Amino acid sequence: MKRLIMLMAAAIVPLSAALAPTAAGAAVHHGGDAATTVCSAVPVSAPSGAKVESVRAAAHAGGTVSFPDAPPLPTPAPITDVPAWCDITVTLTHPGANDHVNVKISLPQDPHRWTGRFQATGGSAYLAGDFGAPLVTAVKAGYVAAATDAGVGTSPIDVSGWALTADGEVNTPLLKNFASRSLHDMAVVGKDVALKFYGSPVRYAYWNGCSTGGRQGFAEAQDHPDDFQGILADAPATNWDRFAVATLWPQVVFNEEKTYPTQCELEAFNTAAVKACDGLDGVKDGIIDDPRSCHWDARRLIGTKVLCEGKEITISAAVADVVDKIWAGPVSPDGEKLWYGPNQGASFSYLAQVGMPFFVADSWVKYFVEKDPQFDTTTLTYRRFAQIFRQSQRDFNGIIGTDDPDLSAFRKAGGKLLSWHGQADELVPTQGSVDYRERVDRLMGGDKKVDDFYRLFLLPGVTHCGGGPGPQPTDALGALVKWVERGQAPATLAAATTGADGRPVTRDVCRYPQVARYTGHGDPAAASSYRCMTT
C-alpha cells in the first residue's frame, strides 16, 4: 500500500519555472530593498451559485520550506529558495448543499516575483487538491497558485466521511463538488484573489494535474472552456464511471476462474512480453515502445518454470488464461467489450493483487454504486460485475464520466490542451486516453484539426504519472506555456532518464498517433537517433 500511496502522490506533477512578463499595477509597500504587498484578507466575489463564508490570510517568510508528515502520503522533500508568499484561504458554501469548500490561493508577496500567470493544481485518487508542496513549488516559479479540497476532506483513500449521507444515500452535492463544481469555483476565486491582491488581472491561466488531476483538467475543458487558456492533463482518470469499475476486473477473473496466481507468476508474463516486443521499435532497451503493436500471447509461457521465493513453479494453462483475460480487459457475459485492461509491460502489482482490489475502484463500488461499505468486491461474478458496470454508467456518467468529446467551445475559446500518458501505467489503463482522443478526432475533423488545440503523447515505459524505465517528461508545463503564449505547438515532448549504465537517455516523444522508430544509425540513447512515423 505504501508504494501505491507514493504513486498517487506523484500525481502532483512538477511545475514549470518558465518566464513571463512581470505583472504591473500591483499595490506595493516598500520596506528596505523589498517591495511587497500586504498579506491580508481581500474582498472576494462569490462564484455563481456559491456564497463566501470566510476569507483568511497567512504570511510566510519563504526560504527553505519543509512540510509536516501527513500519513498516508509520503512527506515531500523540502523546497529551497522560496520567496515570501501569502496564503489566502476562501471558504465557500453552496446553498442547499450543506458543504464547506476550502480554496487556498498562494501568491508571491513581492509583485515583481509574479509572472502574471495563474496555475490551478489538481488532486489524486479521492483527494481534490494538495494544499502543500504543489502550491509552494508554483509560487517559487512565479505563479499565483490554487488548490481546492472540494469540501470532501484531505484523504486520497478514505471516502467514508463524505460519500454517503446519514440515511445511506450518495452525497450528490459533494460528489458534484469533487467531480467538477469546485474546479470552476477555484478558477473564479483564484483569479479574483490575484486581481484584488495585486491590482492587476491574471494574464494567463493554466491547469496542471495528473490522474484525478488529469480528469479534472478534462472536466474543465468540457464544462468551463473559458477558465483556462492552457490545460496540462496527464494520465487522466477520465471515463470515471467505467474506469472505476473496470479496474476491479482482475479480482473478478480470479474469483470466476478459481485461479489465484502469485505476483511472481504474473510478472513472468510481463517479462516475457517485454522480451518478445522490445525490439519492435528497432532498439533493445527493455521497453515496449508501442504496446498496440505487441501481440504476444500469454499461452506461450505455458509449461515454463519460474523461481518464486525459492520455489520452482510451472506456469499453468489456467494462469495463462487469467493473464490474457486481464490484458484484454473486462467483457460482459455475452462477450461485449466493456473497457480496457492494462498494457502489456505494465506491472500487475496494483490492479492484480489477489484479494487486494485497487482501492479507488473498491471504494467507488462500495460507497457510490452499491452504497454498502461492507460490500465485498473480491467475490464478484462475471454477471454481477457487468450489472455493476452498467449501473455505474447509468447513475454517474453525467456527474463524473468526464468523457464528452465535444471540445468545440474550448477550441473556440482559443484553449490548448496537452496530455501525456505512460504506456506502462499500472493504475489507469492507457487505452482510455487513446479512446477519448479518437472519439474527439471522429467528432471534430480528424488528427490534423484536433492537433491545433489538443495533443496527446504516449510515453514508452513510463508508469502512472511518472516513474518506470522509460524517459520521463522534462518540462511538459513549459511546453504548454510556449504553445499558449508563443504559438509554438509541441511537435514532440522532451523526455529524459538515466540508463542502467549511468548514461543519460533522451527521447523526443512523438504526438499521437505517431510513434518513434530508430533510424538505424546513431546513439540509441540519443533522441536524435529516432524519427516519428505513423504505423
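Select Gly 142 to begin: this residue follows helix H2 and has a positive phi, near 95°. Helices here are DSSP runs (H or I, at least four residues), strands are runs of E (at least two), and both are numbered from the N terminus.

Before moving on, know what is on screen. This is a predicted model, where local features need pLDDT of at least 70, side-chain atom pairs count only at pLDDT 80 or more, and totals for chains, interfaces and linings use all residues. Residues are numbered from 1 along each chain as its sequence is written, and side-chain values use heavy atoms, with hydrogens and water left out.

**Stop 1: helix H2**

Select residues 133–140. Of these 8 residues, 6 are buried, so helix H2 is largely enclosed by the rest of the structure. Buried means under 20% relative accessible area; over 50% is exposed, and in between is partly exposed (1.4 Å probe, protein chains only). Colour the buried ones: Ala 133, Pro 134, Leu 135, Val 136, Ala 138 and Val 139. What do they pack against? Strands E4 (63–65), E5 (79–82), E6, E7, E8 (117–121) and E9. The packing rests on contact, meaning heavy atoms within 4.5 Å.

**Stop 2: strand E7**

Now select residues 101–108. In strand E7, 7 of the 8 residues are buried, so the strand is largely enclosed by the rest of the structure. Strands of a sheet pair through backbone hydrogen bonds, either parallel or antiparallel. Two strands count as paired if DSSP finds at least two bridges between them.

Find Thr 91, whose bridge partner in E7 is Asn 102. Then show strand E9 (residues 143–148), which pairs with E7 over 4 bridges, again in the antiparallel sense. Here Ile 105 stands opposite Ala 146 in E9.

**Stop 3: an open sheet**

Jump to strands E16, E17 and E18. In that order, these 3 strands form an open sheet with antiparallel pairing. Strands E16 (472–473) and E18 (504–510) are the edges, each pairing on one side only. Strand E17 (residues 492–498) pairs with E18 over 7 bridges. Pick out Leu 493, which stands opposite Val 509 in E18.

**Stop 4: the largest cavity**

A cavity is a set of points, on a 1 Å grid over the protein atoms alone, where a 1.4 Å probe fits but cannot get out; lining residues have an atom within 4 Å of a point. Volume is the space filled by probe spheres set on the points, which are joined across faces, edges and corners.

The count comes to 5 cavities of 30 Å³ or more. Of its 22 lining residues, the closest to the centre are Asp 289, Leu 458, Pro 460, Val 509 and Ala 516. Which element gives the most to this lining? Strand E18, with 4 residues.

**Stop 5: Thr 247**

The second largest cavity holds about 60 Å³. Its lining residues include Ala 246, Thr 247, Trp 249 and Pro 429.

Zoom in on Thr 247, in the loop between helix H5 (240–246) and helix H6 (249–257). Thr 247 counts as buried because its relative accessibility is 3%. A polar atom of the Thr 247 side chain lies 3.0 Å from the backbone oxygen of Phe 243. Leaving aside neighbours within four places in sequence, Thr 247 is in contact with Leu 351, Phe 358, Ala 361, Leu 427 and Pro 429.

Definitions and conventions:
On a 1 Å grid over the protein atoms alone, a cavity is a set of points where a 1.4 Å probe fits but cannot get out, and a pocket is an open set with protein on both sides within 12 Å along at least five of seven lines; lining residues have an atom within 4 Å of a point. A polar contact is a pair of N or O atoms within 3.5 Å; within protein, one must be able to donate a hydrogen and the other to accept it, and residues adjacent in sequence count only if both atoms are side-chain atoms.
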